[in-house]
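This report walks through a single protein chain, from its overall layout to selected side chains. Keep the sequence and the structure open while reading.

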Amino acid sequence: MARRNMLKRCYVEGSEGYSRYGERGITVCQEWRDDKEAFYDWALANGWTPELQIDRIDNDGDYEPSNCHFVTRLENARKTSRTVMSIATANDILELRRRGLNPKAIASTLGIKRHHVDNVIYRGSWTDNPKKHYQPRRRGRPA
């Protein structure tokens, strides 16, 4: 599945992701393109499990053994070109909130949009454990 999706992103115009891979010139190394067993052997030797995704270390580099590894879905989502902040920024947001700043002040201090701050504080974005995140105070109730 990982190999098939990787090939589609790089070579099949109109497929999901082609604009971010194939149109940018991202390719799959000749060995992995021609020999699926070579890819599968590499994947197993490099820690592949069904819950992991292939990731390019250099986002501008090709799919090849020296530029790939496996990561969780959460790790992969955090490093896409569409991601607007780093985990360090999310941690800064939470720290400033603990110090008593309101979301508008945090956004201004960090130079980011308010809705990104709200996503971290109120929706639990950017936590390693989605069940454990900063809980907002509710009006009229004790914290």
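Contacts across the sequence come first. In the protein chain, 39% of the contacts with a separation of 6 or more are between residues 24 or more positions apart. The model is predicted. The chain holds 7 helices and 2 strands. Read from the N terminus, the order of elements is α-α-α-β-β-α-α-α-α. Of its 143 residues, 33% count as buried.

The largest nonpolar core has 15 residues. Met6, Val28, Trp32, Trp42, Ile54 and Tyr63 are those with the most contacts inside it. The elements giving it two or more residues are α1 (2-11), α3 (36-45) and β2. In general, nonpolar side chains of soluble globular proteins tend to be buried together.

**Helix α3**

Which residues of α3 are buried? They are Ala38, Phe39, Trp42 and Ala43. Their arc around the axis is only 135°, so they sit on the same side of α3. An α-helix has 3.6 residues a turn, so residues three or four places apart point the same way. The other side of α3 carries Asp41, Leu44 and Ala45, which are exposed.

The buried residues of α3 pack against α1, α2 (30-34), β1 and β2. Trp42 is one of these buried residues. Leaving out residues up to four places away in sequence, Trp42 touches Trp32, Ile54, Pro65, Cys68, His69 and Phe70.

At the start, a side-chain oxygen of Asp35 comes within 3.1 Å of the backbone nitrogen of Glu37. After the helix comes Gly47, with a positive phi near 90°.

**Aromatic rings**

How many aromatic pairs does the whole structure hold? The search finds 6. One of them joins Phe39 and Tyr40 in an edge-to-face arrangement. Their ring centres are 5.8 Å apart, and the planes make an angle of 65°. Phe39 counts as buried because its relative accessibility is 2%, under the 20% limit. Tyr40 counts as partly exposed because its value is 33%, between the limits of 20% and 50%. Ring pairs also build a cluster of Trp32, Phe39, Tyr40, Trp42 and Phe70.

| Arginine | Tyrosine below | Distance to ring centre |
|---|---|---|
| Arg9 | Tyr21 | 5.1 Å |
| Arg56 | Tyr63 | 5.2 Å |

**Asn67 in the β1-β2 loop**

Asn67 is found in the loop between β1 (52-56) and β2 (68-72). Is this residue, Asn67, buried or exposed? Asn67 counts as buried because its relative accessibility is 8%, under the 20% limit. A polar atom of its side chain lies 2.9 Å from the backbone oxygen of Asp62. Leaving aside neighbours within four places in sequence, Asn67 is in contact with Asp55, Arg56, Ile57, Asp58, Gly61 and Asp62. Arg56, one of these contacts, is the residue that lies over the face of Tyr63.

**Helix α7**

In α7 (residues 114-123), the buried residues are His116, Val117, Asp118, Val120 and Ile121. They pack against α5 (87-98) and α6 (103-110).

His116 counts as buried because its relative accessible area is 17%, under the 20% limit. A polar contact of 3.4 Å joins its side chain to that of His115. Just after α7, Gly124 has a positive phi of about 75°.

Note on methods. Residues are numbered from 1 along each chain as its sequence is written. This is a predicted model: local features need pLDDT of at least 70, side-chain atom pairs count only at pLDDT 80 or more; totals for chains, interfaces and linings use all residues. Side-chain values use heavy atoms; hydrogens and water are left out. Rings of Phe, Tyr and Trp (its six-membered ring) pair if their centres lie within 6.5 Å; planes under 30 degrees apart count as stacked, over 60 as edge-to-face and the rest as tilted. Buried means under 20% relative accessible area, exposed over 50%, partly exposed in between (1.4 Å probe, protein chains only). A charge sits over a ring if NZ of Lys or CZ of Arg is within 6 Å of the ring centre and within 35 degrees of the ring normal. Helices (H or I, at least four residues) and strands (E, at least two) are DSSP runs, numbered from the N terminus. A polar contact is a pair of N or O atoms within 3.5 Å; within protein, one must be able to donate a hydrogen and the other to accept it, and residues adjacent in sequence count only if both atoms are side-chain atoms. Contact means heavy atoms within 4.5 Å. A nonpolar core is a set of buried Ala, Val, Leu, Ile, Met, Phe, Trp, Tyr and Cys residues joined through side-chain atoms within 4.5 Å. The arc is that of the directions from the helix axis to the C-beta atoms.
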